[in-house]
Amino acid sequence: MRTYAPADVDVVLARLLQEPSLARGVIHHALIPARAAETAPIPDWVDPRIRAALAEQGIASLYAHQEEALSAVRAGRDVCVVTPTASGKSLCYQLPILQALAEDPSARALWLFPTKALGQDQVAAFRALAHRSGLEVATATYDGDTPAPIRSSIRLAGQVVVTNPDMLHAAILPHHTKWFQLFEQVQVIVVDELHLYRGLFGSHVGNVLRRLLRICRHYGSSPIIVTCSATIANPGQLATRLTGRSPLVVDRNGAPSGERHVLFVDPPIIDAPSGARGSSITLAQRWALPFLRAGRQTIVFGRSRTAVELILTGLRESLREHGGPRARVRGYRGGYLPTERRAIEDGLREGDVLGVVSTNALELGVDIGHLDVSVLAGYPGSIAATWQQIGRAGRRRDTSVAILVASAAPVDQYVVHHPEFLLANPPEEARVDPDNLHVLLAHLKAAAFELPFAPGEVFGPGPADDLLAFLGEDGHVHAGDDGRWYWASPDNFPASSISLRTAAEENVVIIDTTPDRPKVIGELDLFSAQTQVHEDAIYLHESAQFHVDRLDWDERKAYVRRVDVDHYTQAELAVTLKPLDVFARAEVAGGQRVHGEVMVASRATIYKKLKFVTNENLGWGKIHLPELELQTTAYWATLDRAAAGWRRAELDVALAGTGRALQAVASVLLMTDPRDLGLVAQVRSPHAEAPTIYLYEAVPGGVGLAERLWARHAELVAGATDLVAACPCQGGCPSCTGPRPPSGDGGLDAKVLVLRLLAALGQDARPDAQREAASGRTGPRGRPAVGPGVPAAGAMPAGLVVTR
């Protein structure tokens, strides 16, 4: 039996770098030096009881950014605090709120966190600080798990109310008359994890905050807003877009940090002709195992729920075979029940859990203690998310290690072979569009339900009268004799029809029928459910395997039973796309570049049974589920004049490879998650009657990504050309053009064909791009296109389809 001896992080890393099979995959090894703290005295105005409580926690001074934020809030300024993970951002709002309550117990505060777990975590920390200060503060979490008897007491007596945007949107604002004590006396509103409020979710939250501040004005309060964010490129702009107010940005980090090793690792090529590489999942396990065996707390991040379960299964099996701490390695992802997630968080803080395999659910600032190692199985999709995950280790002043293991995906290959992209570039911008008409109209209805609109009242980009008149045509509102707009629809609860996070308003509940009494073990949104819990799927949960016996789509229930098999399942999506409108068009050398509105439909079609570790295909089956639709914006490139010189087989290969290269470079160019852009390539587009490549936004209405791609077409094509030309492969590979063409293709060279197609699309034929007026149907920037089949919110999985 192998002996597991504790060892320092430096020692374990040195051993790994001496192992030839691992060391040869290290593309770059960066050493980020430790930094000392920059401190400032605690302001004199802080109550002596609070100062004593801080001293009891060992806090004799503040970090520079904490003191700057405290002083600004004290002076009545809105503040946006932008510092790295574990830099003490929480004190920037906890101290001024506790001080306000010490001076006036009737004061109120409202905290917004994106997840229940983060809110509960901060409540525990604030209660402990208040208790040490000898202050009796009624602090309570108001979320979906709060029992009904407690809710009424929170509404009446809660001094600090902690909730999430979903509860504020659906359970608090529509019932504001029951919360008048809070809205009359609220002095501070906290919006934590600001960087997560981007894309569609952020656009919804911006409108929820508009409704919140409107209600505050109604009750005569004017609260200060404190926002906190991980490091992003445009924190002040994002805070302004979300709140409608310009904060003071506090971004001078005064917190200390220990020495950090950052390794960029590329899996080896296992088949030179095809360019196939080893599994990033398997390689991530190999890097994590020695640290776990040495007793170092380690977190491994997977890109998907399935990846998390595969890594967890592999780690546990490896530890079990050699008598390691198998039970001390846990999984953590969406779909686990709240009680499971809380137990794992507590175990990490207490040291009972040695390792955790997680999706980006643990990217957030939930207190999970002091980890030593962070292993990323695949590039997370953005610079900001990468540093968030890397920052989960090294939360003390000790040495920490972060290892980024690339997959074969083009984006991963670009990042791992250009380490300066991550190490030298600033994080990307967080983009939101709260004025997206799909979103704005939905929240305008909710706001009208909450309070009547006065003539000329501003909601969003300007006075809401025209939009209210549009809603009045459908009977949602009506103009009263006093000129105000009143809610008039039979729908007595418009907020209930708006989902802030997903296109589907409902989740699919997963029920384990193995025990005598069936129990719920998790839940999934509809888009995830169609690929993960279709009938005959193998659903993975905490490395346990469950067979899906039945999926009741109408009732939103999946019935599963425990099994022990040697494979998992992977579903494939069929994606179709139909243009609805053109917003802008420009000629390029071989065709056109276009920006417009499209309808995208996805349907899960078949699933494959893949063997663990080897991914050997063991069989397949059909999936019978309804189609899901998404109306959004897209950028597309059409091959017009140059198409005549192509053979059909060449076009098939060139369009697929070019589309993948453009999609990869687009996510880097815009600094956005690759999953935010879907890809469809059509050999003969019904709309353009020519070969066309579409990149569509995976959220309803879009948030401006497609428009930016249209404007930066030349950079996009040039970047894709560089990606393919610089790849060392022969004839194309998964790292540049995607999987090699089938053997019956007549020996076509995908690399040559893709570079030929990119050359045809590279330059504008006319420098002055012509914008076209919308033809009858206007999109997200014009009069709203609403009607059946247009989702209220959400995202569709991004995929590739080549249609013939």
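Two exercises on a predicted model follow, each with a worked solution.

Residues are numbered from 1 along each chain as its sequence is written. Local features need pLDDT of at least 70, side-chain atom pairs count only at pLDDT 80 or more, totals for chains, interfaces and linings use all residues, and side-chain values use heavy atoms, without hydrogens and water.

**Exercise 1.** Describe the largest nonpolar core and the contacts of L757.

Solution.
1. A nonpolar core is a set of buried Ala, Val, Leu, Ile, Met, Phe, Trp, Tyr and Cys residues joined through side-chain atoms within 4.5 Å; buried means under 20% relative accessible area (1.4 Å probe, protein chains only).
2. The largest such core holds 73 residues, and L757 is among those with the most contacts inside it.
3. Helix α21 (residues 648-669) supplies the largest share, 11 residues; helices are DSSP runs of H or I, at least four residues, numbered from the N terminus.
4. Leaving out residues up to four places away in sequence, L757 touches L639, W646, A654, L655, T658 and I693, where contact means heavy atoms within 4.5 Å.

**Exercise 2.** Characterise the packing of helix α16 (residues 410-417) on α21.

Solution.
1. The axes, lines fitted to C-alpha atoms over the stretch in contact, with angles from 0 to 180 degrees between N-to-C directions, come within 8 Å and cross at roughly 50°.
2. Angles under 35 degrees count as roughly parallel, over 145 as roughly antiparallel, 65 to 115 as roughly perpendicular and the rest as oblique; α16 and α21 are therefore oblique to each other.
3. P410, V411 and Y414 of α16 meet A664, S667 and V668 of α21.

Conventions. Buried means under 20% relative accessible area, exposed over 50%, partly exposed in between (1.4 Å probe, protein chains only). Helices (H or I, at least four residues) and strands (E, at least two) are DSSP runs, numbered from the N terminus.
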